[in-house]
Amino acid sequence: MSTLGTFLEGTVRTATPLAFAAIGETVAERGGVINIGLEGAIIAGAFGGFVAAGTGSVWIGFLGAGVAGMVVSALFGLFAIRWRADQIITGTAISLLALGITATLYRQLYGSSGAALSIPTMGVLEIPLLSGIPVIGRALFAQPPITYLLYGLAPAVWWWMYRTHEGLGLRATGENPRAALAAGVPAARMQMLSVLFGGFLGGIAGGVLVIAQAGSFAEGMSAGRGFIAIAIVVLGRWHPLGVALAALVFGAASALQYLFQAMGWALPYQVFLALPYVLTLLGLAGIAGRSAAPASLGKWQDQS
């Protein structure tokens, strides 16, 4: 495979878990809730997927990952939506809790050595003809099946959000929950469901890391992806398709390390690891003031 083809394949592979998490977070934030606990949902999904995949089925593994992420987000929703706790503080606490619990359970269940590479993994599924397209063929059409589901997820969420009555209700809730409630939209329920959906996709993102990429679980393997996904939502301007493209940009920044190494650039590997985060900061600074978040994002309003 050419250097460019390897770079593009790495871009899609790196972007896949980020896109799952960011699309789910987009739905939550469109409802006015910023789920800082997304990092916790991802690491819980990674552990849940690892345990569930041990049954011998990768799809059961992904189901377990999604459910684990949803449980973490349900805890966040209970405090932040039902009991009106501060969303930022609650989300941070939930993430730290999930990181600690998964590490403890992993050591208790599998010991210090773990159960590396003992679970089934999802291999690459090449799509005939399409995978043979020069340069981009293998990057787009020689990926694990879960990546193909992502291709349909972004437009499906866009269609639901902008072409259905429920999607309109979600966006109205994110702008003004009390006005949405007066119009007959169950604002609190809409917010809770959006957070659960975001948690499910965050869990799937963690499952991708374990089942479709690493093949094993490691403590803290979410590695800040939840926070990066939140930044991607901003870069994508709270639009599902824009968010998917922003995830690809971040994936490309991460994959640059393979391209530069192939070109023989003798730079410390820490420089390559830092590139995606530098790009994120530059991107956020570049769009500051140019994109409008949902008006009630992160703010609690009395919906009674």
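**Figure 1. Alanine 52 is found in helix α2 (residues 38–53).** Helices here are DSSP runs of H or I with at least four residues, strands are DSSP runs of E with at least two, and both are numbered from the N terminus. The model shown is predicted, so local features need pLDDT of at least 70 and side-chain atom pairs count only at pLDDT 80 or more, while totals for chains, interfaces and linings use all residues. Residues are numbered from 1 along each chain as its sequence is written, and side-chain values use heavy atoms, with hydrogens and water left out. Alanine 52 has a relative accessible area of 13% and is therefore buried; buried means under 20% relative accessible area, exposed over 50% and partly exposed in between, for a 1.4 Å probe and protein chains only. Setting aside residues up to four places away in sequence, alanine 52 touches Ser57, Ile60, Gly61 and Gly64, where contact means heavy atoms within 4.5 Å. Alanine 98 lies 46 residues from alanine 52 along the chain, and their C-alpha atoms are separated by 17 Å.

**Figure 2. Isoleucine 94 sits in helix α4 (residues 87–110).** Its relative accessibility is 7%, so isoleucine 94 counts as buried. Glycine 37 is 57 residues away from isoleucine 94 in sequence, yet the two are 5.4 Å apart in space, C-alpha to C-alpha. Gly37 is also one of the residues that isoleucine 94 touches, along with Val72, Leu75 and Phe76, when residues up to four places away in sequence are not counted.

**Figure 3. Valine 195 belongs to helix α9 (residues 187–214).** With 1% relative accessibility, valine 195 counts as buried. Its contacts, apart from neighbours within four places in sequence, are Ala28, Val33, Asn35, Ser73, Phe76 and Ile81. Between valine 195 and glutamate 25 there are 7.7 Å in space, C-alpha to C-alpha, and the two are 170 residues apart in sequence.

**Figure 4. Threonine 16 is placed in helix α1.** Because its relative accessibility is 2%, threonine 16 counts as buried. The side chain of threonine 16 reaches the backbone oxygen of valine 12 at 2.7 Å. Residues up to four places away in sequence aside, threonine 16 touches Thr147, Leu150 and Val208.

**Figure 5. Valine 135 lies in the loop between β1 (125–126) and α5 (137–141).** The phi of valine 135 is near 70°, a positive value in a residue other than glycine. A relative accessible area of 44% makes valine 135 partly exposed.

**Figure 6. Helix α10 is followed by arginine 237, with a positive phi near 60°.** Within α10, the buried residues include Gly226, Ile228, Ala229, Ile230, Ala231, Ile232 and Val233. Tryptophan 238 lies in the loop between α10 and α11. Although it is not a glycine, tryptophan 238 has a positive phi of about 60°. Tryptophan 238 is buried, with a relative accessible area of 5%.

**Figure 7. The largest pocket is lined by 16 residues.** A pocket is an open set of points on a 1 Å grid over the protein atoms alone, where a 1.4 Å probe fits and protein lies on both sides within 12 Å along at least five of seven lines; lining residues have an atom within 4 Å of a point. Thr14, Arg225, Ser254, Gln257 and Tyr258 lie nearest the centre of the largest pocket. Two or more lining residues come from each of α1 (3–30), α10 (225–235), α11 (240–262) and α12 (269–286). The lining divides into 10 nonpolar, 4 polar and 2 charged residues; Ala, Val, Leu, Ile, Met, Phe, Trp, Tyr, Cys and Pro count as nonpolar, Asp, Glu, Lys and Arg as charged, and the others, Gly among them, as polar. The volume of the largest pocket is about 340 Å³, taken as the space filled by probe spheres set on grid points joined across faces, edges and corners.

**Figure 8. The chain as a whole contains 12 helices and 2 strands.** From the N terminus on, the order of elements is α-α-α-α-β-α-β-α-α-α-α-α-α-α. The C-alpha trace spans about 60 × 45 × 40 Å along its principal axes. Of the 304 residues of the chain, 49% count as buried. Among contacts between residues at least 6 apart in sequence, 75% join residues at least 24 apart.

Technical notes
Polar contact = N/O pair within 3.5 Å; in protein donor to acceptor, adjacent residues only side chain to side chain.
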